[in-house]
Amino acid sequence: MTDRTTQGDGVSDGDPIRTFPFPVDLSVGGVGMQAGPMNTDRKWHEDAPLERVHRIDFHVVMLLDRGPVTHMIDFAEYEVGAGDLLWIRPGQVHRFSRASEYRGTVLTMQPGFLPRATVEATGLYRYDLPPLLRPDEAQLAALRCSLAHLVREYEDTATLPPSLHTAVLRHSLSAFLVRLAHLAASSAEAARRQADTTFTRFRDLVEKEFAANHSVSAYADELGYSRRTLVRAVGAATGLTPKAFIDRRVILEAKRLLAHTSLPIGRVGAAVGFPDPGNFSKFFHLHTDMAPAAFRAELR
């Protein structure tokens with residue numbers, strides 16, 4: 001199976017950050033999912049460089065039995081312990097630490113394997129939800145039981161014809177994902193309850209406009225708050241100033257574009273609100289202690 005690079009905007013085959021498709025040929029019966037133990041013999045793609053930055057166009061859920069391990073998702077490092085889950089969604093940039101240290105159960109799923117109603121009910125594309133989930137004892141026991149049942153159904157190809165086997169897998173997978181989605185939503189809701197409504201509105205507006213709007217005063221005016229109100233709300237929720245929060249989001253997007261596209265540096269800067277390449281380079285260096293070109297080169 002060959003890898004697929006992101007096309008368009010000058011991206012061509014051979015780029016260092018590659019997007020790997022779901023490996024249907026490695027699935028039992030060629031179905032659009034895989035489930036089983038994580039070990040050195042199991043891969044979700046023949047050529048995936050697990051310990052290098054890469055992207056996948058399918059869902060990955062890992063339930064760890066041992067830990068801690070460190071896993072990078074969208075340039076944030078997560079320390080994952082026994083009983084924790086990681087949910088990585090299609091298109092996210094990620095990297096394993098030492099893949100041989102991961103022990104537990106891994107589930108992978110091809111987009112389109114589940115019907116639309118299930119996708120919507122389980123929030124499969126809720127990128128705002130946290131990738132690291134820490135269930136309590138009861139939640140973990142239920143998730144383990146549901147996942148173990150899914151693994152058994154996945155591996156059992158003898159008792160049902162292929163069409164019914166796939167149907168049972170979809171139902172079993174849906175049941176597990178409903179539990180997982182509830183945990184993710186509950187975790188996000190708990191975090192939201194701790195944040196001021198003012199910050200939530202500011203955060204959502206920044207997510208929509210960060211590529212074109214870097215002004216704290218402009219955000220305050222659009223939201224109908226004073227600048228001082230924003231400073232208090234953002235500081236209470238994140239420990240950052242509003243300007244630092246905006247800058248952090250701009251830097252994340254710039255890193256993504258530098259990592260998984262071949263856009264010229266100037267076009268990356270323009271895409272995040274810096275028409276002048278020199279100003280973008282200064283901004284990027286100020287926040288990362290690296291030039292954009294050096295950051296890209298480090299990932300090659």
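**Which residue forms a salt bridge with Lys243?** Asp247 does, with the closest N and O atoms 3.2 Å apart. A salt bridge here is a side-chain nitrogen of Lys or Arg within 4 Å of a carboxyl oxygen of Asp or Glu. Both residues sit in helix α7 (residues 242-260), four residues apart, about one turn of the helix. Helices (H or I, at least four residues) and strands (E, at least two) are DSSP runs, numbered from the N terminus. Lys243 is partly exposed, at 35% relative accessible area. Asp247 counts as buried, at 7%. Buried means under 20% relative accessible area, exposed over 50%, partly exposed in between (1.4 Å probe, protein chains only).

This is a predicted model: local features need pLDDT of at least 70, side-chain atom pairs count only at pLDDT 80 or more, and totals for chains, interfaces and linings use all residues. Residues are numbered from 1 along each chain as its sequence is written, and side-chain values use heavy atoms, leaving out hydrogens and water.

**Glu77 pairs with Arg95 in a salt bridge.** Their closest N and O atoms are 3.6 Å apart. The pair links distant parts of the chain, 18 residues apart: Glu77 in strand β6 (residues 76-80), Arg95 in strand β8 (residues 93-95). Arg95 is partly exposed, with a relative accessible area of 27%.

**A salt-bridge network includes Glu253 and Arg256.** Asp74, Glu207 and Arg249 also belong to this network. Between Glu253 and Arg256, the closest N and O atoms are 3.5 Å apart. These two residues lie three residues apart in helix α7, about one helical turn. The structure holds 10 salt bridges.
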